[in-house]
Structure formats: structure tokens, C-alpha cells
Amino acid sequence: MTTNNAINAPIKYFEPFSPTISGTSAAGVGTYTTQVGYWSGIGNFIYVQLKITWTAHTGTGDMTVTDLPFVCRNISGYDPELILNIEDVLLPPTTVCLFGHMTTGTSTVVLETIRSLGNNVPISMEAAGTLHLSGVYLK
């Protein structure tokens, strides 16, 4: 008889964390008016939901969300994507969809768009904006 460890895995509920916005070229700093994140875990599955509102950010390059509660498991072919809603941020022309792409082996999410041409384009760092992000990944 085999044991299903997922059924016996400990469950944690609504643990808070403080996500941040960073640029890929220069991380920068900003003023956060909302910086709220919650995570739940079942075994190695981590569910996150967050909202960040920032102003006066000095980061440059592509926009990322950093400081998620756990490092994403680094497995060949594992490519988790999270749901993204963003406000007051300039998006590339012909954007049809937004998503967060979890970078395996890190606790960082790269923010991207899918354009009508079918190609993914990173979202450039903005001095101010609001984003909501939710999804699941393996730790």
C-alpha cells in the first residue's frame, strides 16, 4: 500500500508577506501606499494573492514582483504563470492579455503581455501604478 503524502500535507492559511516591485536593470525603490500579500500552502503548492500600489519608483528595465514567500522549484519544463491585473501602467500597443511569469529558482515574477501578434513582451518599469497578482506555484 502506498501513502499519498499530499493528503497528509500540512495546510497553512492566509499567511501575510510584503511583496515589492523592482526593475530588472536597476531594482530601485518606491513609496508603497498598498503592499499586501497573502499565501496559503498545501504541501509544496503555494497559493499567492497580492496587491501593490506604488508611486515615485526609481527602478528601470522590465517590471518584476519580488519577495514572494518561497523560491519557485527549479524543474526542467516547469513554467508557472500567474494571473495579473494592472492599473495606471503604460502597456505595449496591441496588448491582449497580461500575466506574471514565475522565474524558477527565485521568488520573482516577471510581468509580461501577450500581443495580438502572439509574442510575449515584458512590461516596462513605471514610476507609479497598481497591480493585482494571484496564482499557484511549487516551492
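These legends walk through several close-up views of one predicted model.

The model is predicted, so local features need pLDDT of at least 70 and side-chain atom pairs count only at pLDDT 80 or more, while totals for chains, interfaces and linings use all residues. Residues are numbered from 1 along each chain as its sequence is written, and side-chain values use heavy atoms, with hydrogens and water left out.

**View 1**
Strands here are DSSP runs of E with at least two residues, numbered from the N terminus. Two strands pair if DSSP finds at least two bridges between them. β3 and β4 do this in the antiparallel sense, over 11 bridges. They make a hairpin with 2 residues between them, and Gly43 in the turn has a positive phi of about 60 degrees. Look for Gly41, whose bridge partner in β4 is Ile46. Ile46 also stands opposite Tyr137 in β10. β4 and β10 (residues 129-138) run antiparallel too, joined by 10 bridges.

Ile11, Tyr13, Phe14, Val36, Tyr38, Ile42, Phe45, Tyr47 and Val136 make a nonpolar patch of about 880 Å². Patch residues have over 30% relative accessible area and no salt bridge, and nonpolar side chains (Val, Leu, Ile, Met, Phe, Trp, Tyr) are joined within 5 Å, whereas like charges are joined within 9 Å. A salt bridge would be a side-chain nitrogen of Lys or Arg within 4 Å of a carboxyl oxygen of Asp or Glu. The areas come from the Shrake-Rupley method with a 1.4 Å probe, and for residues only the protein chains shown count as cover. At least two patch residues come from each of β1 (11-17), β3 (31-42) and β4 (45-55). Phe14 lies in β1 and counts as exposed because its relative accessibility is 63%; the cut-offs are over 50% for exposed, under 20% for buried, and partly exposed in between (1.4 Å probe, protein chains only).

**View 1. Inside the largest nonpolar core.**
A nonpolar core is a set of buried Ala, Val, Leu, Ile, Met, Phe, Trp, Tyr and Cys residues joined through side-chain atoms within 4.5 Å. The largest one here has 25 residues, and Met63, Val65 and Leu131 touch the most other members. Two or more residues come from each of β4, β5, β6 (81-87), β7 (95-102), β8 (109-115) and β10. β4 gives the largest share, 5 residues. Leaving aside neighbours within four places in sequence, Leu131 has contacts (heavy atoms within 4.5 Å) that include Leu50, Trp54, Met63, Val65 and Leu111.

**View 2. β2 beside β5.**
β2 and β5 pair in the antiparallel sense over 4 bridges, and Gly23 has Met63 as its bridge partner in β5. From β2 (residues 20-23), Thr20 and Ser22 point one way, Ile21 and Gly23 the other, and all are buried.

**View 3. Thr64 and Thr108.**
Thr64 sits in β5 (residues 63-66) and is buried because its relative accessible area is 5%. Beyond its neighbours within four places in sequence, its contacts include Thr20, Ser22 and Thr108. Thr108 itself lies in the loop between β7 and β8 and counts as buried, at 19% relative accessibility.

**View 4. Ala27 in a loop.**
Ala27 is in the loop between β2 and β3, partly exposed at 41% relative accessibility. Ala27 and Thr60 are 33 residues apart along the chain, yet their C-alpha atoms are separated by 6.8 Å. Leaving aside neighbours within four places in sequence, Ala27 is in contact with Ile21, Ser22, His57 and Gly59.
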